[in-house]
Amino acid sequence: MFENIEFANPEFFWLLLFLPLALLWYFFKRKNEMASLRISSIKGFTVTSWASKLKPVLFGIRLLALAAIITALARPQTEDISTRTKTTKGIDIVMAIDVSSSMLARDLKPNRLSALKDVAANFIEERPNDRIGLVGYAGESYTKTPITSDKTIVLNALEDITYGELEDGTAIGMGLATSVNRLKESKAVSKVIILLTDGVNNSGFIEPRTAADLAVEFGIKTYTIGLGTNGNALSPIAYNRDGSFRYGMRQVEIDEELLEEIAEVTGGKYFRATDNESLEEIYDEINKLEKTEIEEFKYYKYEEKFRPLIFLAGILLLLEWGLRNSIFKSFI
């Protein structure tokens, strides 16, 4: 009941120190004021009544009333805090994901595309205040979902991204240009593209550097990620008769120079992910680099609790007055 009570004026509790002093003063004063009579025998006298013995109770009641008043002056109150947050710097993000056949390579577990989807899902969940969109690209590109604040839509769209939706190839310029197109009308203070690829630009009719220039024109920062081990990776090399892939060792080729250039000219940063752990660390770093500013408003509601104490003090003073003028009247 009292665990959430706070006092607005706790300095008034110093007045409570006077109560024991007042009690001592009362007993010394009472002792000095009591008259005495010496007689040889008390035979024939009536014994002092219980009322005279309980007379100090009146002063005790008065002290209790005073203690209640002092506590009321300290203003006991309960505090109710409610908060409201406001996004002061919103960020719009488009994740451009390579969905070419090489993304099925198994140097990341279980393969590059599945590992990316797991890490990207965590990244999306950790940014509840931003709008996020998805672009997929291989030999061509398409918008999987436009930028939206509905994370359920984005996560479901991310889960649905698979190989085979597009002509095979790696059109980095197309993926970047489509991402820019999704963000160019954005009114967000900060606009970001996270472009991931595991290959070399070999398709599409838009050059990656041209797409990077478009990103610069619209004030869009681009983080690029090169995905794949340093060396060879177990990758799809042909189809089996049943339509499944036949795997074999292939050289990992990533145009890191191009990815570094795109990141540099747009004000972003280039990363290289060679395994699941490094990929996760990269998304964690991007998450830290692109912080959404949140302004928090706190509202305090106070409920005063002194009124019951004033009521109690009033009852005690009335009780003391009533007893003093009735039962104890003859002994005052």
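I started with the terms: helices (H or I, at least four residues) and strands (E, at least two) are DSSP runs, numbered from the N terminus. With that in hand, I noted that the protein has ten helices and eleven strands.

I reminded myself that this is a predicted model, in which local features need pLDDT of at least 70, side-chain atom pairs count only at pLDDT 80 or more, and totals for chains, interfaces and linings use all residues. Residues are numbered from 1 along each chain as its sequence is written, and side-chain values use heavy atoms, with hydrogens and water left out.

**Entry 1: the whole chain**

I looked up burial, where buried means under 20% relative accessible area, exposed over 50%, and partly exposed in between (1.4 Å probe, protein chains only). Of the 332 residues of the protein, 40% count as buried. Then I turned to contacts, meaning heavy atoms within 4.5 Å. Among contacts in the protein with a separation of 6 or more, 80% come from residues 24 or more positions apart.

**Entry 2: aromatic rings**

A pair of aromatic rings is described by the distance of the centres and the angle of the planes. My rule was that rings of Phe, Tyr and Trp (its six-membered ring) pair if their centres lie within 6.5 Å; planes under 30 degrees apart count as stacked, over 60 as edge-to-face and the rest as tilted. By this rule I have three aromatic pairs. One of them is Phe7 with Phe13: the ring centres are 4.9 Å apart and the planes stand at 80°, so this pair is edge-to-face. Phe7 is partly exposed at 34% relative accessibility, and Phe13 is partly exposed at 27%.

I also looked at Phe123 and Tyr283, an edge-to-face pair with 5.5 Å from centre to centre and 70° between the planes. Phe123 lies in helix α4 (residues 112–125) and Tyr283 in helix α9 (residues 276–289), so the pair ties together parts that are 160 residues apart in sequence. Phe123 is buried at 3%, and Tyr283 is buried at 3%.

**Entry 3: a charge over a ring**

For this I needed NZ of Lys or CZ of Arg within 6 Å of the ring centre and within 35 degrees of the ring normal. I found Arg106 over the face of Tyr247, at 3.7 Å from the ring centre.

**Entry 4: two helices**

How do α6 and α7 pack, and at what angle? Helix α6 (residues 172–183) and helix α7 (residues 208–217) have axes 8 Å apart, at an angle of about 15°. Axes are lines fitted to C-alpha atoms, for helices over the stretch in contact, and angles run from 0 to 180 degrees between N-to-C directions. I wrote down which residues meet: Ile172, Gly173, Leu176, Ala177 and Val180 in α6, and Pro208, Ala211, Ala212, Leu214 and Ala215 in α7.

Leaving aside neighbours within four places in sequence, its contacts include Leu176, Leu195, Ala215 and Ile262. The C-alpha atoms of Thr222 and Leu195 are 7.0 Å apart, and these residues are 27 residues apart along the chain.

Lys191 sits in strand β6 (residues 190–197) and is buried at 12%. With neighbours within four places left aside, Lys191 is in contact with residues including Asp92, Leu183, Phe218 and Lys221. Its C-alpha atom is 9.9 Å from that of Arg131, 60 residues away along the chain.
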